[in-house]
Amino acid sequence: MSAPGTPIAVITGASSGIGAATARQLAAAGYRVVLTARRKDRIEALAAEINEAGHQATAYALDVTDRAAVDDFATAFRTLAVLVNNAGGALGADPVATGDPEDWRRMYEVNVLGTLNMTQALLPALTASGDGTVVVLSSTAGHSTYEGGAGYVAAKNGARVLAETLRLEIVGTPVRVIEIAPGMVKTDEFATTRFRGDAEKAAKVYAGVAEPLTADDVADTVTWACTRPPHVNIDLLVVRPRAQASNTKVHREL
Ligand code: 8X3
């Protein structure tokens, strides 16, 4: 049971990486966290870990691209303080000339339509809270392109535009919209998923980079932005490792 008045935060893609780190940090900051992801075993284990640490967490298996399931999930919330749209990712790093349209479709579905589904379904509860926060984890890929990135860059541009447009449309309501755009983050799964389990290709992404960002570094920015006073809207926060000056300018010691 959560204490009355404990603010609730829903985090998508909470089974690993930035989502899992955000769940841990928001729980430590006093939110009752609701972890969602497709992989039930992972989020249940994480919820147990968070509860054992003396915080409050529950797990709910959910595919953000399944609108009916998202709508069903949303019925559980009369009010909601925070929605962190983190579920997403990259598939492939092929040139436009040879990229797989199926990868592009899937990336659009998860990164853009997943965010749209969750945001539409939970906006009434976020508004009803009197001080709601929508966070969109975009990427520096949503702000400038790079060779081999077009499918992912296009999808992350979609997520960025969703956040920017929503902020315009709901101004005057008690909901703020925060976009966090991370650059190079070394997580267990991002590059491995992108290269379909090819560990060598995945390792090359971070080769020679002294300190790529960690999932915790990004979760720290999410938690900071969410815990500002409600009238403070961090519209956009771009965060990169010091060794990355742009998407195409990375210092590597090889
Ligand atoms: C991840 C950043 O540079 O791999 O969102 O596109 S990048």
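**Salt bridges and a surface patch**

Glu189 pairs up with Arg42 in a salt bridge (a side-chain nitrogen of Lys or Arg within 4 Å of a carboxyl oxygen of Asp or Glu), with the closest N and O atoms 3.4 Å apart. This pair ties together distant parts of the chain, 147 residues apart: Glu189 is in the loop between strand S6 (175-182) and helix H6 (190-194), and Arg42 is in helix H2. Helices (H or I, at least four residues) and strands (E, at least two) are DSSP runs, numbered from the N terminus. The model is predicted, so local features need pLDDT of at least 70 and side-chain atom pairs count only at pLDDT 80 or more, while totals for chains, interfaces and linings use all residues. Residues are numbered from 1 along each chain as its sequence is written, and side-chain values use heavy atoms, with hydrogens and water left out.

By this rule, the count is eleven salt bridges. Helix H2 (residues 40-52) also holds Lys40 and Glu44, four residues apart, about one turn of the helix; their salt bridge has its closest N and O atoms 3.2 Å apart.

Over in helix H5 (residues 150-169) sits Arg160. Arg160 counts as buried because its relative accessibility is 17% (buried means under 20% relative accessible area, exposed over 50%, partly exposed in between; 1.4 Å probe, protein chains only). Arg160 bridges to Glu164, with the closest N and O atoms 3.0 Å apart. Glu164, at 36% relative accessibility, counts as partly exposed.

Finally, Glu102, Arg105, Arg106 and Glu109 are linked in a network of salt bridges.
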